[in-house]
Amino acid sequence: MGAALASMAEQGVKMVYTTVHQVLAQGDFVLAMSEGTFGGEPTAYYDLFRVENGKIAEHWDVMASIPSQSANSNGKF
């Protein structure tokens, strides 16, 4: 992951987290729902971690664009 982020930074693509909306945990799993920008575009981040012995053992993520207009007022979060 470090290499991928370094490569994006070299190309001027930034992944920025600005707001953490919610963090949920159960057992060894933690889900963080956040928003920020990816390459300057508003983005929702969903990160799922599996923790083992106090360290992150696995990580999955989904990134979704946040449209400037929505069909309803519910929003992403």
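Is Glu-52 buried, partly exposed or exposed? Glu-52 counts as partly exposed because its relative accessibility is 42%, where buried means under 20% relative accessible area, exposed over 50% and partly exposed in between (1.4 Å probe, protein chains only).

The model is predicted: local features need pLDDT of at least 70, side-chain atom pairs count only at pLDDT 80 or more, and totals for chains, interfaces and linings use all residues. Residues are numbered from 1 along each chain as its sequence is written, and side-chain values use heavy atoms, with hydrogens and water left out.

**Salt bridges**

A salt bridge is a side-chain nitrogen of Lys or Arg within 4 Å of a carboxyl oxygen of Asp or Glu. Side chains of opposite charge can pair when their charged atoms come close. The count by this rule is two salt bridges, and the table gives both.

| Pair | N to O distance |
|---|---|
| Arg-50 and Glu-52 | 2.9 Å |
| Arg-50 and Glu-58 | 2.5 Å |

Glu-58 is partly exposed, as its relative accessible area is 33%. Through shared partners, the salt bridges join Arg-50, Glu-52 and Glu-58 into one network.

**Strands S3 and S4**

Helices (H or I, at least four residues) and strands (E, at least two) are DSSP runs, numbered from the N terminus. Two strands pair if DSSP finds at least two bridges between them. Strand S3 covers residues 41-52 and strand S4 covers residues 55-65; the two run antiparallel and are joined by 10 bridges. Within this pairing, Asp-47 has Asp-61 in S4 as its bridge partner.

S3 and S4 form a hairpin that has two residues between the strands. Asn-53 is placed in the loop between S3 and S4, and has a positive phi of about 55 degrees although it is not a glycine. Most residues other than glycine have a negative phi, and most peptide bonds are trans. Asn-53 counts as exposed because its relative accessibility is 74%.

The segment after S4 contains Pro-67. Pro-67 is exposed, with 52% relative accessible area. Between Pro-67 and Ile-56 there are 31 Å in space, C-alpha to C-alpha, for a separation of 11 residues in sequence.

**Strands S1 and S2**

Strand S1 (residues 15-26) runs antiparallel to S2, and 10 bridges join them. Opposite Thr-19 stands Glu-35 in S2. The hairpin of S1 and S2 also has two residues between its strands, and Gly-27 there takes a positive phi near 60 degrees.

Strand S2 spans residues 29-38 and includes Ser-34. Ser-34 counts as buried because its relative accessible area is 2%. Contact means heavy atoms within 4.5 Å. Leaving out residues up to four places away in sequence, Ser-34 touches Tyr-17, Thr-19, Val-20, His-21, Thr-43, Ala-44, Tyr-45 and Phe-77.

Phe-29 is also found in S2, but Phe-29 is partly exposed, at 38% relative accessibility.

**Surface patch**

Phe-29, Leu-48 and Trp-60 make a nonpolar surface patch of about 260 Å². Patches are made of residues with over 30% relative accessible area and no salt bridge; like charges are joined within 9 Å, and nonpolar side chains (Val, Leu, Ile, Met, Phe, Trp, Tyr) within 5 Å. The accessible areas come from the Shrake-Rupley method with a 1.4 Å probe, and for residues only the protein chains shown count as cover.
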